[in-house]
Amino acid sequence: MADKIYRVDMKTLTYKIEEVPSEWLGLGGRALTSTIVAKEVDPECHPLGPNNKMVFCPGLLSGTSAANSGRNSLGAKSPLTGGIKESNVGGTSAGIMAKLGVKALIIENIPDGDEFYHLHVSREKVEFHPCPELVGKDNYFVLDAMLEKYSKKVAVMSIARPGEMKMLTSNISVKDPQGKLRSHGRGGLGAVMGSKKIKCITVDAEKYKETTLADPEKFKEASKIFTKALKDNPISGEGLPAFGTNVLVNIINEAGGLPTRNFREGTYEFAENICGETMAENIKNRGGKTTHGCHAGCVIQCSQVYHDKDDKYLTSGFEYESIWAMGANLGIKDLDLIAKMDALMDDLGLDTIETSVCLGLAVDAGILKYGDGEEAYRLIKEELANGTPLGRIIGSGTGTLGKLYGLVRVPVVKNQAIPAYEPRAVKGQGVTYVTTPMGADHTAGYAVATNILNSGGYVDPLKKDGQVELARNLQIASAAVDSTGMCIFVAFPALDDPKCLPALIDMINARFGSNLTGDDVTNLGKYVLKLEREFNQKAGFTSADDRMPEFMKYEALPPHNVTWDFTNEEIDEFWNF
Ligand code: SF4
C-alpha cells in the first residue's frame, strides 16, 4: 500500500486519508514539514489559533534498517518565536508512522468546547476519544495509561500540564523503545498541541508493513558502508558512546565557551562535577547504562540511563545541553540533583534549555539564587507545573521574563533561548543562532564540530574569518539531513569520511529508485532554508531579527575576553546563496 497523508480536523473531529501529491513524494522529515507549513499555514496566523497546523513527517529513511534513521519531524508556526519551526525527535514514532504508511499526519483547527482528546491513528482510520481522566496529568501517567489500554506496540506522543496551559516552554513528549521519554523540543510546540486540545496521540503498529525498497541489494551494501563510517569515526564511534553528549562539558569548558551564570563567563569552576567522565564513573559504580539508543537502529548510542547513589533509576537521555542548562548556567554542581530536575522536566514535558535559561534570568530578577538547585526544583514542580502567576511567567520563556522584569541581559535570538555554546567564544555557532529561521538552535548548523572538535577541518572559534561560510554550509547540510530521518551526529562521519555521505545518498536512491546526486542533496538543503526564511519574512521577520542580544557586543566574555563583533552586513551575507 502506498504511503498516505492523514489529515485531521479537530473542529469537526473528522479525518481524511489522502493520496500524496506528486510534488511531495520525494520529500520527508523537515523538507516535507516545512513545505506543508509554508503552503498551508498563514504566516500571519496566531500560532495558538485555528489556522496553525501541526505536521508530523517521518524522515525519508525512517522505517528502514538504515542506522540512526528513526527521527520524526514536527512542523508548525512556533508560538515562542512567531516563525516556522521544525523539531525532530528520536523514540518510536518515526519508525511506526513510516511503516504504517503515514507520509504526513496533518492536524488542523481547534475544537469547540474545553474537552481534551486522545487521537488514535491506525492504518484505516483516526479515532477521537475524549479523555477527561488524563487531563491535569503528566507524561508518565499518560504513557502508562496508553500502554495499559493498548497492551501492544503503539507510539505515544503526549503533553503534560504545561502543554495543556499552552506554556511556551512546553514540548511534546514521545515514547522511546524502553518506555521512557524523548522530546520534540524548542519553540513551544507543546502549546500548539494544547491549543488543539490534544492530550495524546497514539499510533498503532499492529497492521504496519515492512518498508519497501526499490533495490534491496544496493540498499544493504550502502547501509553497511554507512554504518561502518558511523562506527569508525572517533566521535560517533568512541566519544559519544562512552560518555554521551555530556563528553562536551569538559571540551567546551576548556575552550572557554561553556556559558556560565547566565552567559557571564565561558568556564565553570565545577565542570568536573557535572562532566561526562563523572557521569560515566557514577554509572560504572552505581548501575545504569552508557551506550543507549533513543530509537531502534541507532548504532552510535549517545544516550545514557542514570541511577542515583542507591542504584535507583533517576533519568535517561541525560544530554549535555540539559546538564549545562541546569549546571553551569544555574551554578548547580550536584549531578544527581540535575538528573532529578531532568526527570521532572521530562514528566512535565518542559524544554530543559528554555526553562533553565529562563531560570538563569530569574536570578537576575531576584527570584532565585545561583547554586540553589532545591529552589529551582521547587519553582518547576510547584509554581510552573501548577500554573501559579510566577509559574506562568517562567513557563512563558526567557524573553518574556526578561521583558516583565526590565532586564537587559536576555540571551535569546528570535525570542528563543540561546543554548549551550557561548556565541562569543564559538563564533560559528553564533552565526547559526542568529541566521537559522528556527531561533537560537544549536542543531540547525552545528559549527562546534569544526570550531572545537576539528571535524570537517578547523575554523578558529574566536575569530570571525570563515564563520559565515561555515555556518551556511552546515545549515544547508543539516536541513538536508533533517529530511532523511537521520540524527544530527551522523554529521561527524559525514564531514570526515568521504564514503559516508555517498552511502547515505545511495540508501535514499535504493529506497525510492531515484538517482539523486550530492548536488541534489545540497539543493534540497538550500530549498528548505529559503522556504523557511520566506515563511518568516511573510510573518514579519526582517534581517533585524538575525541579530545577537546587544549585551554580547559590549560585554567581553572571560576567559578570552571576546565580544560578538560581527557587523550586520557580515551576518546578512549568510543568505547570499
Ligand atoms: S546517537 Fe544519540 S541522538 Fe542520535 S539516534 Fe543515537 S541515541 Fe539518539
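Accessible areas come from the Shrake-Rupley method with a 1.4 Å probe, and for residues only the protein chains shown count as cover. On that basis the chain has an accessible surface of about 19,900 Å², 50% of it belonging to carbon and sulfur atoms.

The model is predicted: local features need pLDDT of at least 70, side-chain atom pairs count only at pLDDT 80 or more, and totals for chains, interfaces and linings use all residues. Residues are numbered from 1 along each chain as its sequence is written, and side-chain values use heavy atoms, without hydrogens and water.

Of the 577 residues, 63% are buried (under 20% relative accessible area, 1.4 Å probe, protein chains only). Along the principal axes, the C-alpha atoms fill a box of roughly 60 × 55 × 55 Å.

Secondary structure comprises 24 helices and 17 strands, as DSSP runs numbered from the N terminus (helices H or I, at least four residues; strands E, at least two). The axes of α12 and α14 come within 10 Å and cross at roughly 5°, so the two helices are roughly parallel (angles under 35 degrees). Axes are lines fitted to C-alpha atoms over the stretch in contact, with angles from 0 to 180 degrees between N-to-C directions. Contact means heavy atoms within 4.5 Å.

| Helix | Range | Residues in the contact |
|---|---|---|
| α12 | residues 335-348 | L337, K340, M341, L344, M345, L348 |
| α14 | residues 373-384 | G373, E374, A376, Y377, I380, K381 |

Definitions and conventions:
Parallel < 35°, antiparallel > 145°, perpendicular 65-115°, else oblique. Buried < 20%, exposed > 50% of the residue type's maximum accessible area, 1.4 Å probe, protein only.
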